[in-house]
Amino acid sequence: MVFLRTSEKAGSCFIRTDQLDGETDWKLKVAVSCTQRLPALGDLFSISAYVYAQKPQMDIHSFEGTFTREDSDPPVHESLSIENTLWASTIVASGTVIGVVIYTGKETRSVMNTSNPKNKVGLLDLELNRLTKALFLALVALSVVMVTLQGFVGPWYRNLFRFLLLFSYIIPISLRVNLDMGKAVYGWMMMKDENIPGTVVRTSTIPEELGRLVYLLTDKTGTLTQNEMVFKRLHLGTVSYGADTMDEIQSHVRDSYSQMQSQAGGNNTGSTPPRKAQSSAPKVRKSVSSRIHEAVKAIVLCHNVTPVYESRAGVTGETEFAEADQDFSDENRTYQASSPDEVALVQWTESVGLTLVSRDLTSMQLKTPSGQVLSFCILQLFPFTSESKRMGIIVRDESTAEITFYMKGADVAMSPIVQYNDWLEEECGNMAREGLRTLVVAKKALTEEQYQDFESRYTQAKLSMHDRSLKVAAVVESLEREMELLCLTGVEDQLQADVRPTLEMLRNAGIKIWMLTGDKLETATCIAKSSHLVSRTQDIHIFRQVTNRGEAHLELNAFRRKHDCALVISGDSLEVCLKYYEHEFVELACQCPAVVCCRCSPTQKAHIVTLLQQHTGRRTCAIGDGGNDVSMIQAADCGIGIEGKEGKQASLAADFSIRQFRHIGRLLMVHGRNSYKRSAALGQFVMHRGLIISTMQAVFSSVFYFASVPLYQGFLMVGYATIYTMFPVFSLVLDQDVKPEMAMLYPELYKDLTKGRSLSFKTFLIWVLISIYQGGILMYGALVLFESEFVHVVAISFTALILTELLMVALTVRTWHWLMVVAEFLSLGCYVSSLAFLNEYFGIGRVSFGAFLDVAFITTVAFLWKVSAITVVSCLPLYVLKYLRRKLSPPSYCKLAS
């Protein structure tokens, strides 16, 4: 809505946007001055005015409109920009506000930037689905073969369906149940892991995805960095002050202010003429003290920071601004600004003695080390924009009436503006290599006439409806010439704990890391270097700003010629490249070891994720911590949210929520690996279990002239898939091939997983062959050894089958867990006890051949040795093969484990 009026005296208010864009700082919003000046609130209803606003669009950084009041004598026109608007889902931090709503519902920027989430399905599930389809085809083929061998006798189609039912155990119906239970167990293990406290698993469908990631897309602010700025370095060209020499600055500032006071005596104008002369006369080398004084003063004046006083004893906001001698005490002062860098600068000037004590739209008060308050009148403010990369302010010193234009900004933007010097570029490079965010500070003294001329042109430019921003920029640029360079500041955005080793580990694991941030290009490059996202030896290719097809083509060709270098590209250039050269661009970018996209909108982040999925077919993971990362997290195959300062929006929308970025290492290397390996083993084992019993049925039918008669009664079949074999098979979810410490120490092991070798058609076919071999041996063994007492075939073969299954679980397990042993013996116990009770089931048919088992037979030695013999023949070769394979071509983790 357009901000018309506020209860604050200054005619401006702060809004908190942490739920909207994830930034913790407050944004300053300005009321339309012609409605703010109305004497009473009710007068809003008696004026006749209208607002012109541009049509709804996605860009969240800009707004253009005009406010026109028709009933005053010359109609009043005021230009509206983004700072005259209040946004949905934000909180007014001070006072009350009244506005006129212009966008609602689907037209608001936040709704236009959101996308509907999709249901996520893991890659493993898709692969198992493919195998299940293959099994279904095998089932149909087998039934048709059986009917064909029968010779299509009689009602053959009826027999076909009987065979389909008999062999239906090929289709692993229990697979889904087992896997879903397994996934729940993995989730529980992640949440219970003491090394990554506070981890929450919000999905039960995709824990295996964590083991297959190739691309990790991360946000910068709050994810890699803590979003806390610390002032580290002040450089004046000849001298550089670091953290350990700040006390020198403090003494210089104190001296220069005490000198000024003694010089001025009672009359302050005496000190101005010499300084005026100095700026116009040929350059005189200024003393270090005066240069420091100028630099600190410029830093404390040139910003968009407002000191906010927390009233202690319930004093209302009205009395706070009552008098200049109000409670300026340091304890309850906090600074609010739209960028944490600026707050860090102002906090630093406070620490060296020059304090910003109050600020509204038109004036600023500073307090000197001796406690004297200096007032400055703010004449114009040029806010920071991503295009200009700089901000400026024009102030008038109320004691001397001097007008000064201060400016600070990125080195790229400022170097053409300031007077010629030989150190700026080099020092900026040095600071950037230390991972500091640099700002260049400059000033220019203006005469009253110069300023009046500028002001009239500026107001005119601001009212134009067409190309307003270009005209305004042109007017401001007329001032930005030959400015005096004062200093260079370096602010550090501290990285989160253990970001460097974590990124190092992920890179060694073969994961390609892309950083998508809404931040400035310079800052993003700084963090990419300091967090070792880009390694020391790599070049960085900064993709130039491109606006049309031709430029994009040239720039892509320039980039193609470089090898093994990281790519840095801004959001708008990215849009252009994707519009014309989508395929070529993605192909080139995927070969880069690291990619940094800066100035990305939330929708762009999500768009990049979907592009990667479509072009590479690989698994992607997005990690972020603010509301602006939600669409990216929902678009990725696997979304991880960090509970940070920026609220919980990302962590609630994500599939996994962690407390710190460094936890992602363990989440992927240990839990991702285990979930994938275990699910693959479990899935194939369940399929094996169904195949082996179907093979026995097939052998049985073919021996008995292709009769469609079931080998085992219903209860045995049910018991086979549940009570007799469920516990050992399910205990595979406790299996691990590598100790967690090993997996963390050798992240290279993770690379193998992304190839998807644990579950593929190759491994599946091996399991099918094992099942056919074992099923055949069990059935033929039972038939060969029991020529005489044919009645007992069922008992023998079923017992051997159960033993084989239990031994096969033992063969598959890589690391034993006590629960696995319990499960094995529990199942064996269940089976042996059921032999006694369910004797009528161990016959062929119901009562055919008069087959009721006597317990006497089961306890005979013959029964026991024959069962053992069959079991040994079915399992021993596999044990031998496995042993030889481990000796001759061990997998990578065995080499490490030894």
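Residues are numbered from 1 along each chain as its sequence is written, and side-chain values use heavy atoms, with hydrogens and water left out. Because the model is predicted, local features need a pLDDT of at least 70 and side-chain atom pairs count only at pLDDT 80 or more, whereas totals for chains, interfaces and linings use all residues.

The pLDDT, which is the predictor's confidence in each residue on a scale from 0 to 100, averages 85 over the protein, and 91% of the residues score at least 70. Over residues 266-283 the pLDDT is below 50, and this stretch has ten contacts in the model beyond near neighbours in sequence. A contact means heavy atoms within 4.5 Å. Residues 843-853 also have a pLDDT under 50, and the model gives them 17 contacts beyond four places in sequence.

Helices (H or I, at least four residues) and strands (E, at least two) are DSSP runs, numbered from the N terminus. Helix 4 (residues 123-150) packs with helix 23 (residues 663-703) at an angle of about 5°, and their axes are 12 Å apart. Helix 4 is therefore roughly parallel to helix 23. Angles under 35 degrees count as roughly parallel, over 145 as roughly antiparallel, 65 to 115 as roughly perpendicular and the rest as oblique. The axes are lines fitted to C-alpha atoms, for helices over the stretch in contact, and the angles run from 0 to 180 degrees between N-to-C directions. On the side of helix 4, the residues that meet helix 23 include Leu124, Leu128, Leu131 and Thr132. Their partners in helix 23 include Tyr676, Ser679, Ala680 and Gly683. By class, this contact has eleven nonpolar, five polar and no charged residues. Here Ala, Val, Leu, Ile, Met, Phe, Trp, Tyr, Cys and Pro count as nonpolar, Asp, Glu, Lys and Arg as charged, and the others, Gly among them, as polar.

In soluble globular proteins, nonpolar side chains tend to be buried together. A nonpolar core is a set of buried Ala, Val, Leu, Ile, Met, Phe, Trp, Tyr and Cys residues joined through side-chain atoms within 4.5 Å. Buried means under 20% relative accessible area, exposed over 50% and partly exposed in between (1.4 Å probe, protein chains only). The largest nonpolar core has 79 residues, of which Ile640, Ile664 and Leu668 touch the most other members. Helix 23 gives the most to this core, with twelve residues. Leaving aside neighbours within four places in sequence, Leu668 is in contact with Leu210, Leu213, Leu506, Ile511, Arg673 and Tyr750. A second, separate core of 41 residues includes Cys302, Ala337, Leu345 and Met364.

Thr871 lies in helix 32 (residues 861-888) and is buried, with a relative accessible area of 5%. Beyond residues up to four places away in sequence, Thr871 touches Ala800, Leu803, Thr804 and Leu807. Thr871 and Leu801 are 70 residues apart in sequence, with 7.6 Å between their C-alpha atoms. Asp244, in the loop between strand 12 (240-241) and helix 7 (246-264), counts as exposed at 66% relative accessibility.

Ser89 is not a glycine, yet has a positive phi of about 55°. Ser89 is found in the loop between strand 6 (76-80) and strand 7 (91-92) and is partly exposed, with a relative accessible area of 49%. The phi of Arg599 is positive and near 55°. Arg599, in the loop between strand 25 (594-598) and helix 20 (602-616), is partly exposed at 27%.
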